[in-house]
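The sequence and structure come first.

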Amino acid sequence: MNLLTVENISKSYGELVLFNDLSFGINKDQKIALIAKNGSGKTSILNILSGADTPDTGKVNYRKSIRVSFLEQEPKLDGDLTIEETIFTSDNEVLKVIKNYEKALNNPEDEEAYQKAFEAMDRFNAWDFETQYKQILFKLKLDDVNLKVGLLSGGQKKRLTLANALINKPDLLVLDEPTNHLDLEMIEWLEKFFAKENMTLFMVTHDRYFLERVCNEIIELDNGNLYSYKGNYSYYLEKKEARQEQEAVEQHKTKLLFKKELDWMRRQPKARTTKSKSRIDDFFEIKEKAHKRRKEHEVQLEINMTRMGNKILELHKLSKSFPDKPILNQFDYSFTKGERVGIIGKNGTGKSTFLNILTGKAKADSGKVVIGDTIKFGYYTQKGIEIKQGQKVIDVIRDFGDYIPLTKGRQISAQQLLERFLFDRKKQYDFVEKLSGGERKRLYLCTVLIQNPNFLILDEPTNDLDIVTLNVLESFLLDFPGCLIVVSHDRYFMDKIVDHLFVFRGNAEIENFPGNYSDYRTYEDSQIIEKREQKEQTSAVKKDWKTNNKGNKLSHEEQKEYKKLEREIQKLEEQKEEIQQQFLDTSLSVEKIKELSILLEDVNANIDIKTERWFELSALLEA
């Protein structure tokens, strides 16, 4: 069933033509992603679909009575409403039923209104719906439904808009970068949600694992033409490569034909017949095709950066906490040459604070950061670039440097670097305020790289970058000979460029994991399975102990020890829970946090020792 048809739409701003004469359709249950370079008009297409903008020519036809929800990059919400009130402002009929029921609960004296609200909940099957929408809010870390929207961060507002869209269950959901401002746990939950729910999606996203696992069709806007691929991201890559190979063959044939026609044009008589005029017209069409050039670049640089000494970056017993949460506790680490570290963790666990401490933008409560004499940081933050009115793209980058030195005495100029990051010569002389959000992020990356650092720190560099730019950046980073720290929720990007991870688990717990993100997920999943099997095994052992403790191979003393261990482990687990609850106290001093952290380590060690002995005795019991 067709939900929406786009017919011959065009959009331009002055002399800048974004796209021309585009047509496509969206059918029920399709999950379509639109891929294009930054500045090609992706957001304009989404705005046209959502009704926020109109095309210069052409039209968009919607099926009668369909409901469309749109997730914008910059949500428009009423700051005076609470999270729950924002959810209930929707036109969704079931939400109105739930709202009336909750109102009736707050006014129990009106028995007639309560009875009507209760019956409506049954009639609309709203009980399950209420549970589901509260689960969505919980998964997106929006469980405090009485919080005012005006107090939310930009990321929380984006998540609230996403929650609203999911809860409304529209016929068509249009998404602009849905994984921005989500941590990895939220992204993986959203993937499973879309896999389970029969929702029709049209989205723009740079998250290639998300594309792989969610989408069943990809539309690519490339050099003004639309190409459709009926499959996920892997299928798209395979078929795109085949298309480009075929185009290269056709391009070669066109060039040969052009040369042949050029010879004919030079030899032709002055008197032109109708037949020769037609051939001349064909000649100019062939010429246009033959001179077409693909504007795609790959970074292949041998950078001659400042030599690193033996001392790179050393962290000695770093501690940092805020009134509401600890970030670091006696953290030690020494970086080695060429190290590539990825940082992952839930939002709010202190990843950006950690980077700011390394670069001196924030101070630790205690401990020491020792930076080698030859180390030169390049720090890409989430704030982006400051735009100065009237400044051109090339001027921005020249403020930071004129060239990057390469090996063998070569160099790459500021202009060449911009070209490699997809700014052609014409674009380099555009005013910065004319750039799209993704193009500004790309320019900001260039300002960091032109300074030729030997220790790169990138905080969410993949946000708002298109897939073409991500491939360019990945190629650069794979060739980069220095040290690298990356915070990113882009799992594909992390898998490609990092060697090991710092996993920020919260409460100042940081794990050094030896592998990339996919390795980590495989390990975590195996741990969950192992714990489940251990629990089942423990349950079976306990049951067997109660039903038949005769004929076992435990001595009387070992039997007493076995029972005692069970009681002690239970008490230690309760003590561990109490300590963890104390960390939530916002009035804790730094000294108290240190004291509790040491105590928690002792309790965990005790649990490990006693549990190991308990398993030894269990094994004897089963023998």
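I am working from a predicted model, in which local features need pLDDT of at least 70 and side-chain atom pairs count only at pLDDT 80 or more, while totals for chains, interfaces and linings use all residues. Residues are numbered from 1 along each chain as its sequence is written, and side-chain values use heavy atoms, with hydrogens and water left out.

**Whole chain.** I looked up the secondary structure and found 19 helices and 20 strands in the protein chain; helices (H or I, at least four residues) and strands (E, at least two) are DSSP runs, numbered from the N terminus. Of the 623 residues, 46% are buried, where buried means under 20% relative accessible area, exposed over 50% and partly exposed in between, with a 1.4 Å probe and protein chains only. Among contacts (heavy atoms within 4.5 Å) with a separation of 6 or more, 68% join residues 24 or more positions apart.

**α3 and α4.** I then turned to helix α3 (residues 93-105), whose axis comes within 9 Å of that of α4 and crosses it at roughly 145°; axes are lines fitted to C-alpha atoms, for helices over the stretch in contact, and angles run from 0 to 180 degrees between N-to-C directions. Among the residues that meet here are Val97 and Tyr101 from α3, and Ala117 and Phe118 from α4. By class, this contact of α3 with α4 has 11 nonpolar, one polar and no charged residues, with Ala, Val, Leu, Ile, Met, Phe, Trp, Tyr, Cys and Pro counted as nonpolar, Asp, Glu, Lys and Arg as charged, and the others, Gly among them, as polar.

**α4 and α5.** Helix α4 (residues 111-123) and helix α5 (residues 126-139) have axes that come within 6 Å and cross at roughly 80°. That makes α4 roughly perpendicular to α5, a label for angles of 65 to 115 degrees. I noted that Phe118, Met121 and Asp122 in α4 meet Ala126, Trp127 and Glu130 in α5, a contact with four nonpolar, no polar and two charged residues.

**α11.** Helix α11 (residues 351-358) is mostly covered, with six of its eight residues buried, and I noted that Lys351 is one of them. After α11 comes Gly360, whose phi is positive, near 85°.

Technical notes:
Angles under 35 degrees count as roughly parallel, over 145 as roughly antiparallel, 65 to 115 as roughly perpendicular and the rest as oblique.
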